[in-house]
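Please look over the sequence and the model below.

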Amino acid sequence: MATWSSRGLRGSTLEDLINRTNEKYLESGLALIQKIPTPITPINIDKSTRHITLAYFEQKSTVDYIGAVQGIPVCFDAKECAIDRFALQNTHAHQVQFMEQFEKQGGVAFFLIYFVHRDLFYYLPFQMFRFFWERAQNGGRKSFLFEELNPEYILPKKHGIFVPYLDILRKDVEERESI
């Protein structure tokens with residue numbers, strides 16, 4: 001069974017930003033996106049702060065978020081990256097399998113990656129991620145470099161929206177339809 005401790009909360013700021021973005025999108029009638037909680041069983045709880053310090057995951061998680069954008073089913077995972085190299089070990093095979101099956105059902109799967117040192121958000125379409133994943137599975141590099149990414153998928157800064165991914169999602173959908 002997998003365990004987590006306080007280091008497992010590294011992405012909580014990113015999740016907070018995405019959650020607030022999703023609230024704005026909901027208020028505007030643009031999207032309905034839900035955070036998928038990962039069921040855990042607490043083992044140790046700090047009695048002074050009432051925080052869980054050690055727990056076991058009850059089951060494998062799929063993705064961080066799932067919902068619909070203007071009638072399009074979407075699912076995505078949020079990741080943080082402190083350097084210009086994203087280690088694929090941060091993603092699990094069952095997550096990739098879920099995203100692949102989700103797309104086979106007509107949905108759109110993607111990753112939102114926050115490159116901390118660059119202070120930028122990146123929308124990584126599942127097809128591009130799958131290229132990197134398969135390269136690693138076939139004995140290639142077990143990571144991808146920032147330089148390998150398409151700069152057109154960098155999320156622009158947008159007043160009032162913390163992680164403005166809808167415009168890039170639209171671009172992704174339009175490119176899929178043109179193929």
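## Loops, pocket and core

Aspartate 119 is found in the loop between E8 and strand E9 (120–125), where helices (H or I, at least four residues) and strands (E, at least two) are DSSP runs, numbered from the N terminus. The model is a predicted one, in which local features need pLDDT of at least 70 and side-chain atom pairs count only at pLDDT 80 or more, whereas totals for chains, interfaces and linings use all residues. Residues are numbered from 1 along each chain as its sequence is written, and side-chain values use heavy atoms, with hydrogens and water left out.

Glutamine 70 is found in the loop between strand E5 (65–69) and strand E6 (72–81). The table sets out phi, a positive value in a residue other than glycine, for aspartate 119 and for glutamine 70, together with the relative accessible area; buried means under 20%, exposed over 50%, and partly exposed in between (1.4 Å probe, protein chains only).

| Residue | Phi | Relative accessible area |
|---|---|---|
| Aspartate 119 | near 55° | 41%, partly exposed |
| Glutamine 70 | near 50° | 57%, exposed |

Glutamine 70 also belongs to the lining of the second largest pocket, which comprises 13 residues, with Val69, Gln70, Leu166, Asp167 and Arg170 nearest its centre. A pocket here is an open set of points on a 1 Å grid over the protein atoms alone, where a 1.4 Å probe fits, with protein on both sides within 12 Å along at least five of seven lines; lining residues have an atom within 4 Å of a point. Helix H4 (residues 166–177) gives the most to the lining of this second largest pocket, with six residues.

The largest nonpolar core has 48 residues, of which Phe110, Leu112, Tyr123, Leu124, Tyr165 and Leu169 touch the most other members. Strand E8 (residues 108–115) gives the most to this core, with eight residues. Such a core is a set of buried Ala, Val, Leu, Ile, Met, Phe, Trp, Tyr and Cys residues joined through side-chain atoms within 4.5 Å. Leaving aside neighbours within four places in sequence, leucine 124 is in contact (heavy atoms within 4.5 Å) with Phe110, Phe111, Ile113, Phe129, Phe132, Phe144 and Leu149.

Serine 143 lies in strand E10 (residues 143–145) and is buried, with a relative accessible area of 6%. Not counting residues up to four places away in sequence, serine 143 touches Arg85, Phe86, Ala87, Leu88, Arg135 and Glu148. The C-alpha atoms of serine 143 and glutamine 89 are separated by 8.0 Å, although these residues are 54 residues apart along the chain.
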